[in-house]
Amino acid sequence: MEVRRIFVKASMDKLQKLIDIEEIKNLKHRYFRAIDMADFDLLDNVFSQDITIDYRGGTYRWESEGKETIKESLKHAFHNQTAAMHTAHHPEIEILSTIKATGKWYLQDIFYNFDLGSVTQGTALYIDKYIKKNDQWLIQHSEYDRIWEQVSPINSDDKFTKILLKEKGIQK
């Protein structure tokens, strides 16, 4: 009887880890959807209150802390004179405990800044720390290093037929 109970508990632990991994994947996808679509209220259920970030690119480094500070900065970065696409691939998520986890993600992104007439595209490796509060996974720390980054002028022949951030982003 005891062996059966141990087997059931081990199976339940493995199942919970798989559920946690899927919840963390959805969490990261919500983050990218929030910034690309200027849905910054969505970040309330993505970031922990004490979140810290450290993003290191070829031409920038952005370090910040605190949910409200980071949300406000993102509003000003993803404004009505920008267009963006962020996708994350190949997640490597490790559940450390019932309330802590880490993750690595391969980022591919394109960011148009019409004010500057530039398009930045590239890849990066994200390293995140997650915390589970009130049965919900949140990003507690996020950092990345660019693998490659290219900045080019926007091609004047490119014609955009839809830019969601033009409609939803703050006016610049």
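Which residues make a nonpolar surface patch of about 430 Å²? The patch is made by Tyr106, Leu125, Ile127, Ile147 and Trp148. This is a predicted model, in which local features need pLDDT of at least 70, side-chain atom pairs count only at pLDDT 80 or more, and totals for chains, interfaces and linings use all residues. Residues are numbered from 1 along each chain as its sequence is written, and side-chain values use heavy atoms, with hydrogens and water left out.

Start with the overall layout. The chain has 3 helices and 6 strands. Helices (H or I, at least four residues) and strands (E, at least two) are DSSP runs, numbered from the N terminus. Along the sequence, the pattern reads α-β-β-α-β-β-β-β-α. Taken along the principal axes, the C-alpha atoms fill a box of roughly 75 × 30 × 30 Å. Of the 172 residues in the chain, 40% are buried. Buried means under 20% relative accessible area, exposed means over 50%, and partly exposed lies in between (1.4 Å probe, protein chains only).

Now return to the patch. S5 and S6 each supply at least two of its residues. Ile127 sits in strand S5. Ile127 counts as partly exposed because its relative accessible area is 36%. Patch members must have over 30% relative accessible area and no salt bridge; nonpolar side chains (Val, Leu, Ile, Met, Phe, Trp, Tyr) are joined within 5 Å, like charges within 9 Å. The areas come from the Shrake-Rupley method with a 1.4 Å probe, and for residues only the protein chains shown count as cover.

Next comes the largest pocket. Its volume is about 580 Å³. Of its 24 lining residues, Tyr60, Ala77, Phe78, Phe111 and Tyr144 are the closest to the centre. Helix H1 (2-36), helix H2 (67-77), strand S4 (100-113), strand S5 (118-133) and strand S6 (136-153) each give two or more residues to the lining. A pocket is found on a 1 Å grid over the protein atoms alone, as an open set of points where a 1.4 Å probe fits, with protein on both sides within 12 Å along at least five of seven lines; lining residues have an atom within 4 Å of a point. Grid points are joined across faces, edges and corners, and the volume is the space filled by probe spheres set on the points. By class, the lining holds 14 nonpolar, 8 polar and 2 charged residues. Here Ala, Val, Leu, Ile, Met, Phe, Trp, Tyr, Cys and Pro count as nonpolar, Asp, Glu, Lys and Arg as charged, and the others, Gly among them, as polar.

Look next at the loop between S5 and S6. Asn134 is found there, and Asp135 is in that loop too. Phi of Asn134 is near 50 degrees, a positive value in a residue other than glycine. Phi of Asp135 is near 65 degrees, also positive in a non-glycine residue. Asn134 counts as exposed because its relative accessible area is 78%. Asp135 is exposed as well, at 69%.

What about charge pairs? Side chains of opposite charge can pair when their charged atoms come close. The structure holds 13 salt bridges. Each is a side-chain nitrogen of Lys or Arg within 4 Å of a carboxyl oxygen of Asp or Glu. Glu149 and Arg146 meet in one, at 3.2 Å from N to O. Glu149 is partly exposed at 22%, whereas Arg146 is buried at 15%. Glu167 pairs with Lys162, their closest N and O atoms being 2.8 Å apart. Both Glu167 and Lys162 are exposed. Salt bridges that share partners also join Asp54, Arg56, Arg61, Glu63, Glu143 and Asp145 into one network. Within it, Glu63 bridges to Arg61, with the closest N and O atoms 3.7 Å apart. Glu63 is exposed, at 52% relative accessibility. Arg61 is exposed too, with a relative accessible area of 52%.

His89 is found in strand S3 (residues 82-95). His89 is partly exposed, with a relative accessible area of 30%. His89 and Tyr126 are 37 residues apart along the chain, and their C-alpha atoms are separated by 10 Å. Gly169 lies in the segment after helix H3 (164-168). Gly169 counts as buried because its relative accessible area is 6%. Gly169 and Asp128 are 41 residues apart in sequence and 26 Å apart in space, C-alpha to C-alpha.
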